[in-house]
Structures are given as C-alpha cells and as structure tokens.
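Have the sequence and the 3D view ready as you read.

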Amino acid sequence: TAFALTLVLGLTTMVWPYAQTLFSDPTLGLMWLVALYGFLSFKATQRGIWLALSGACVGFAVLVKIAAAYTLPIFGAYFIHLVFFDSRDKKGESPGWMGQIIWFGVPLLALGYATLWYNQLRYGSYFSFGYLDSNTYDSRDTLFGFNVPFLVGLYAQLLSSGKGFFFYNPSTVLAFFGWKESCRRNRAEALLILGIIGGMILMYSKWYGWHGDWCWGLRYLSCLPPFFLLLAGPFME
C-alpha cells in the first residue's frame, strides 16, 4: 500500500514537477511530512530523538515561510496527545513528560528565534515578516491582503479551470474515499492531517494572491498532495 501510494503521489500530482523548483511551498510539505514521521516513530519507539526531529522540522517550516505558523497549534495539540494520552501506558519506556517537552521544544524554540533574528537582519524589526508591511519591497500585500470573498477564493483554488487544485492533482480525490476509515483507525493522526489541509486552504481562500503566480498550477497548495494521499491509504489498501 505504501509503495502504491508513493507511486501515485509521484506520477499524478504536482510533487514531481515542483521538485525542480526552489519555491518554499514544496519545502513546507516535506518538513511537515518528516515531522509527522518523527511523531509516529516516537509513538512506536518512545525515543526522544524522534521528537527533536519533529520539533526541528515544524520550526524550520516557519523559518522557510511564516505562513507555516498556522500549523504550530495543530502539531502542538498532537504532541500533547502523544505525551499525556497516547503514551500514558508506556511511561516506563519513554523519557517522561518533561523530557519529551525538552526534546520537542528546544529545537522548535531555537528555530523560532532564528526566524525572529532573520526578520531583524532583513527589516530591522523582530516582528516584521515581510507581509502587510509598508517597509517591504512589495506594497501590494499591504494594499490588498486578505480581501477575497471566502467562497470565491475557495472555488478558485480547488475547482477553477486555470488553477484548480484537483485538476493538477487528480489522484487527491481518493482522499474522499478513505478519510472516514482513516479517522476510525487513527483518529488523532487523521485530525492532524485534516488540520494541515484545512488550514492552508482556509488561509489562502482569503488571500488576494491565492493563485500564487507566476507558476504552473496552484503553487501555494503544492505542499498538500502527500497528506491527501495519506488519507486515501485505507481506500488504496
């Protein structure tokens, strides 16, 4: 099943074409995927190093693009679930809840500080991220920002003839056949994945530049195909 999902992902989504670009959005998808892998590895082994990997990937995604900050509460909620609920019967094997927080939190906070330091280096302010800021090179973000009617942006992103996500990633519709079973088998992980997908779509449905031009297809959502295919896993199986 894993091999089939990977093959479908590579051949029928934007992942392959975007592998040749230096856009930040595919990097977000990679970081989130590795973060999820780290969490699942910790769940299986109770080794803190996997939490460090997850924290580093979540933090690095924010360093790459501040829009990725919306995933912090999503990954944070899943981390709390792992530490205080899912691992409650494995306390003898795990590093303990304080050790788990340290393993996950230190790399996350370090990369969070790196993000703020980079803002200071570029714009002279720790909290100037380059968007909605009159001091940056592009004033369009300040002028237009989140001004698109939500339903218009939602339709444009997913179904419009020129940029529709499902036209450029046809295999992702398989997620609609597998998500219920994913929730039944692995509720916490399915909710994490749905949060990543839903948050990105909701955010860019309001953004004036939802299309992400100049690019092939919908650049901003090029980070999401792996997560759609993960939800499709039970159906593919």
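Helices here are DSSP runs (H or I) of at least four residues, numbered from the N terminus. Keep in mind that this is a predicted model. With those labels in hand, we can start at the surface. A nonpolar patch of about 780 Å² is made there by Ile80, Phe84, Phe85, Trp97, Met98, Ile101, Ile102 and Val106. Helices H5 and H6 each supply at least two residues of this patch, and H6 gives the most, with five residues.

Phe84 lies in helix H5, which covers residues 72-86, and Trp97 lies in helix H6, which covers residues 96-123. How are their rings placed? A pair of aromatic rings is described by the distance of the centres and the angle of the planes. For Phe84 and Trp97, the centres are 6.1 Å apart and the planes meet at 40°. Planes under 30 degrees apart would count as stacked and over 60 as edge-to-face, so this pair is called tilted. Because the two residues sit in H5 and H6, the pair ties together parts that are 13 residues apart in sequence. Are these residues buried, exposed or in between? Phe84 has 41% relative accessibility and Trp97 has 48%. Buried means under 20% and exposed means over 50%, so Phe84 and Trp97 both count as partly exposed.

Now compare another pair, Phe166 and Phe228. Their ring centres are 6.1 Å apart, and with 90° between the planes the pair is edge-to-face. Phe166 belongs to helix H9 (residues 165-168) and Phe228 to helix H12 (residues 225-231), so this pair ties together parts that are 62 residues apart in sequence. Both Phe166 and Phe228 are buried.

Rings can also gather in groups. In total, the model has 17 aromatic pairs. One aromatic cluster is formed by Phe39, Phe75, Tyr78, Phe79 and Phe104. A ring can have a charged neighbour too: Arg219 lies over the face of Phe23, at 4.7 Å from the ring centre.

Our last stop is Ser54, in helix H4, which spans residues 48-64. Its relative accessible area is 0%, so Ser54 is buried. What does its side chain reach? The side chain of Ser54 comes to 2.8 Å from the backbone oxygen of Ala35.

Conventions: Residues are numbered from 1 along each chain as its sequence is written. This is a predicted model: local features need pLDDT of at least 70, side-chain atom pairs count only at pLDDT 80 or more; totals for chains, interfaces and linings use all residues. Side-chain values use heavy atoms; hydrogens and water are left out. Rings of Phe, Tyr and Trp (its six-membered ring) pair if their centres lie within 6.5 Å; planes under 30 degrees apart count as stacked, over 60 as edge-to-face and the rest as tilted. Buried means under 20% relative accessible area, exposed over 50%, partly exposed in between (1.4 Å probe, protein chains only). A charge sits over a ring if NZ of Lys or CZ of Arg is within 6 Å of the ring centre and within 35 degrees of the ring normal. Patches are made of residues with over 30% relative accessible area and no salt bridge: like charges are joined within 9 Å, nonpolar side chains (Val, Leu, Ile, Met, Phe, Trp, Tyr) within 5 Å. Accessible areas come from the Shrake-Rupley method with a 1.4 Å probe; for residues, only the protein chains shown count as cover. A salt bridge is a side-chain nitrogen of Lys or Arg within 4 Å of a carboxyl oxygen of Asp or Glu. A polar contact is a pair of N or O atoms within 3.5 Å; within protein, one must be able to donate a hydrogen and the other to accept it, and residues adjacent in sequence count only if both atoms are side-chain atoms.
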